[in-house]
Amino acid sequence: MKKKKRISGNRLATAIAAGALLALPMQSLAVPDGKLTTGGGTVGIPDVIKALRVAIKLDSPTADILTHGDVAPLNMGYPNPDGEIKLGDVIVILKKAVGILDWPIGDQALKVASKVSVVDAKNAGVQQLALKVAPMAVGTADQLPAGSDYKLDPTFSYVQDRSTDAFKTVNEILCMTAQTRYDAMLNRGPYKVLIDSNLCSGNDSAANAGQSQQAGTSATNAPDYQNWTVKAVRDSNTAPQIVTAWVHEPARSDGGGYSEPEKVIQAKITITESSSDTNPYGIFSMDFIAYPVINGQPASTPVFKGILKAEKDPTTGKVLLKFADADINQSRKEAVTLEKNLDGTGGGTAYQYESFDQQTKEGTIDFAYTSSLFHRQDQGVVGIEACLDRNTFETSAWSYGLYDSTTGNRINVDSGFPIKYIANDTTSFGWIGYWGLWLPNNIDIPNGATVYKQAFGPNATETPYTVMKVQGKLKKHVRNDTTLDAIKNLPLEGYWETDPNTMQTLNYRVVWNGTKLQKVASAPQNTMGAPVWTELNPPVDIDFTNLQWGELNFWSQALGGQVRIPLANCQFTPPPMGQIGPGITSCDAPAGATPVAYYVESTILPGDTVPATLACYDNCPQAGSTGMDPLGNLTYPMSTDPNGNNRHDYAFGADMTLKDKGPQGDLSNPAILTTAPQNQQWGFNSGPLFDPTSTNMARLACDWDPNQTCGWKAWSALDEFYTWETGPNNWNQLAVLTGANGALRFEQPKRVAYVHSQTDATKPDAKYDGVTFSLDYNGFGQLNGIPGKCVDMNSGLTVLDCSGQNVRWVPEFTIPAGRAVTENDPVNGTVTYFVKPLQMEQRMVKLDNTSCAGLPLTTYTLPVIGQDGTIEGWTDPAIGTEPQVTSAPAVIAGTLQ
């Protein structure tokens with residue numbers, strides 16, 4: 001059954017990197033209040049005189065004076081600093097001094113939770129099961145300076161349970177709100193924010209179990225930005241804090257027939273109490289409403305609306321949290337009431353309904369908890385009951401930071417910057433970086449256009465650059481080597497076999513167990529969604545006397561992509577005379593020292609050296625005069641003839657486009673794909689393209705006939721090769737800025753090596769003891785490559801079939817704080833960093849249901865959702881027209897600019 005989901009707005013944020021960013025220690029931020037002198041507590045004539053002296057160049061402003069005195073121009077009554085103190089600032093300060101105008105000057109920001117859990121996490125006196133790892137092997141992290149980022153950055157813990165499903169929308173909203181840094185931007189006027197929705201989209205989707213379906217493309221790590229305008233106001237340090245936001249959500253499609261239009265969401269949050277140890281949510285109310293955008297303008301009829309409130313009973317001190325949202329057409333609605341008591345007890349009721357593709361799903365869960373137990377029951381569903389132990393957990397870390405091993409400073413990746421683009425008298429703000437170019441509302445920026453690098457703050461300047469935009473990108477792959485023993489028990493996927501009787505093709509998950517390669521699970525071949533794995537018990541040895549090729553090909557998340565294991569002493573036997581088939585290859589079984597090849601990838605940029613001719617034999621792009629045909633054959637038939645007339649040659653020139661030699665042999669056909677076929681919405685990625693030197697050709701000679709070429713051997717036999725990626729998505733394309741000094745180069749994700757340690761043989765992750773993982777660090781909070789597993793949300797048990805509705809994907813282990821990882825830097829050699837988890841999820845362990853016999857369930861009153869789309873307690877945000885902010889984004893993905 002297709003599951004209807006709000007593709008961007010309603011996804012579960014079980015991993016909230018931005019939530020960790022929000023929890024970082026606040027800086028003491030000065031505000032533009034017109035107070036330039038130290039005498040007195042209000043703005044007066046001395047401040048006017050000081051501003052005048054600066055404006056007419058008698059005095060030079062300090063950074064502090066500039067921050068306080070740059071108050072003009074005003075935007076909707078709030079200072080909108082332009083980087084200098086001029087006569088306009090003097091006039092504004094004079095008006096404030098004589099009482100003609102004023103603006104809020106509260107400087108103590110209130111903050112609410114960045115995630116909602118039904119029950120609170122526990123840190124002390126609890127038993128950590130299953131995913132706990134051995135004690136820290138590297139002790140020097142404890143010696144880092146006390147005031148370092150490593151020491152100060154907190155680790156946020158929360159509890160995940162099936163009853164939290166109804167908080168999917170809540171957690172994404174809170175996560176994205178955290179990225180706005182409304183606390184640090186208090187009373188600084190309206191400002192622009194670029195929100196990376198991927199940081200809040202939920203890494204626990206079971207679809208992550210099928211990332212090999214996207215192997216080769218750049219889709220999995222690319223950011224997904226939304227454009228917000230935000231204003232945070234507090235009139236005084238005793239007044240409520242008001243946060244208003246205008247959210248621009250682009251049109252979305254899941255590639256399976258479900259789509260949503262572009263929307264503008266208006267939200268208003270009123271905060272009266274910050275989150276704290278005794279009340280982790282804070283006291284606040286949030287109302288939001290979404291309007292579809294038609295012909296560039298918001299429609300008058302909304303598509304959904306909702307409320308979220310955290311209220312405290314003044315008599316009992318209990319915190320009551322209420323949430324409800326619904327599509328106006330009633331196709332989806334959900335409501336929650338949660339009671340939290342100061343003694344750690346509580347309970348609630350959660351309701352969900354959705355109807356899509358003639359399928360309806362509806363359910364209500366009651367739950368109750370004490371300090372030691374958690375009890376839940378689906379209303380009217382016999383058997384779906386659970387009793388959980390609140391003091392025994394499995395844990396997973398969803399977000400990590402890397403830190404300098406000497407100073408303890410955070411390690412960031414300089415992967416891009418905000419840009420401004422002007423076309424048809426319309427100004428748009430976007431982003432350009434390693435993963436490509438992004439502009440709101442799917443604006444198509446042409447090749448050769450001018451954009452302006454943006455900076456935020458006093459004395460900020462714009463730098464013009466010319467856009468070089470290409471419909472694809474060439475990627476270089478440099479070989480790295482390891483051994484089977486070094487990747488013991490690491491899951492390898494992408495290996496397939498075809499049953500000669502049924503002709504059914506099955507994918508296999510394979511592991512090296514220390515003595516042999518074994519198939520441990522199988523799944524039908526599937527081009528869409530997560531594989532439906534079935535355990536093979538007992539595991540099945542790979543038959544090395546009956547192979548199709550002389551090497552094994554896999555995909556591994558932990559090694560960063562494609563993995564090749566070349567085999568020794570292979571002999572090819574052709575099919576019997578008159579029989580159609582690929583024949584059989586027989587090779588020696590591998591040993592622990594058998595080499596394993598994997599490749600480190602980088603993108604070719606203007607000025608890089610590429611061979612004049614690139615040859616291809618495997619998955620070679622086929623292009624005509626206008627590009628590749630999405631309705632025809634994207635690739636040539638595979639060739640094994642080394643004759644130059646049959647191999648496929650390409651050239652890569654100054655225009656950064658791969659050209660197919662084609663039948664005419666003039667290298668004029670661009671290998672670009674402007675529209676993706678339905679089963680390749682992630683884009684196209686070619687097979688190996690390589691320099692056809694005599695040495696490389698000799699390495700690709702087929703084992704059974706050196707006069708034939710086996711192009712697929714390039715994946716493991718060559719020291720380096722190239723692949724071509726193309727498609728309609730921005731991550732499939734190259735976007736480069738050129739200036740006076742040539743093309744800009746953005747920092748690529750850091751590839752770091754982590755050696756896992758777990759000497760307790762009773763722990764599930766002991767199978768990875770001593771295994772080296774190749775992880776990608778895309779920036780603070782984003783460390784990718786840890787293998788995962790799927791768990792049943794009802795029972796909490798590990799399952800192989802990741803395709804079910806009640807299944808979550810979780811990391812198999814957690815890297816403990818203080819563990820070291822290393823990077824092979826081409827300039828500085830081996831560089832060591834320390835790791836610290838930022839987001840820790842706790843999953844309660846299931847007990848026998850009789851253990852909760854003394855913990856009764858209560859059905860709580862939910863906010864009423866009417867048939868006409870009304871919601872009890874909802875108030876129209878009524879925040880008015882969106883302010884026109886012309887300055888650069890002040891915050892990008894939770895980072896102040």
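Analyst: A residue is called buried when its relative accessible area is under 20%, exposed when it is over 50%, and partly exposed in between (1.4 Å probe, protein chains only). This is a predicted model, in which local features need pLDDT of at least 70 and side-chain atom pairs count only at pLDDT 80 or more, while totals for chains, interfaces and linings use all residues. Residues are numbered from 1 along each chain as its sequence is written, and side-chain values use heavy atoms, with hydrogens and water left out.

A disulfide is a covalent bond between the sulfur atoms of two cysteines. Here the term is applied to a pair of cysteine sulfur atoms within 2.5 Å, and by this rule the count is four. Three of these links are described below, among them the pair of cysteine 387 and cysteine 852, whose sulfur atoms lie 2.0 Å apart.

The link of cysteine 387 and cysteine 852 is right-handed, with 75° about the S-S bond. Helices (H or I, at least four residues) and strands (E, at least two) are DSSP runs, numbered from the N terminus. Cysteine 387 counts as buried because its relative accessibility is 0%. Cysteine 852 likewise counts as buried, at 1% relative accessibility.

Another disulfide joins cysteine 570 to cysteine 587, with an S to S distance of 2.0 Å. The torsion about its S-S bond is about 115°, so the link of cysteine 570 and cysteine 587 is right-handed. Cysteine 570 is found in the loop between strand 31 (561–566) and strand 32 (571–573), and cysteine 587 in the loop between strand 33 (584–586) and strand 34 (595–603); the pair therefore ties together parts that are 17 residues apart in sequence. Both cysteine 570 and cysteine 587 are buried.

A further disulfide connects cysteine 616 and cysteine 620, with an S to S distance of 2.1 Å. The torsion about the S-S bond of cysteine 616 and cysteine 620 is about -100°, so this disulfide is left-handed. Cysteine 616 and cysteine 620 are both buried.
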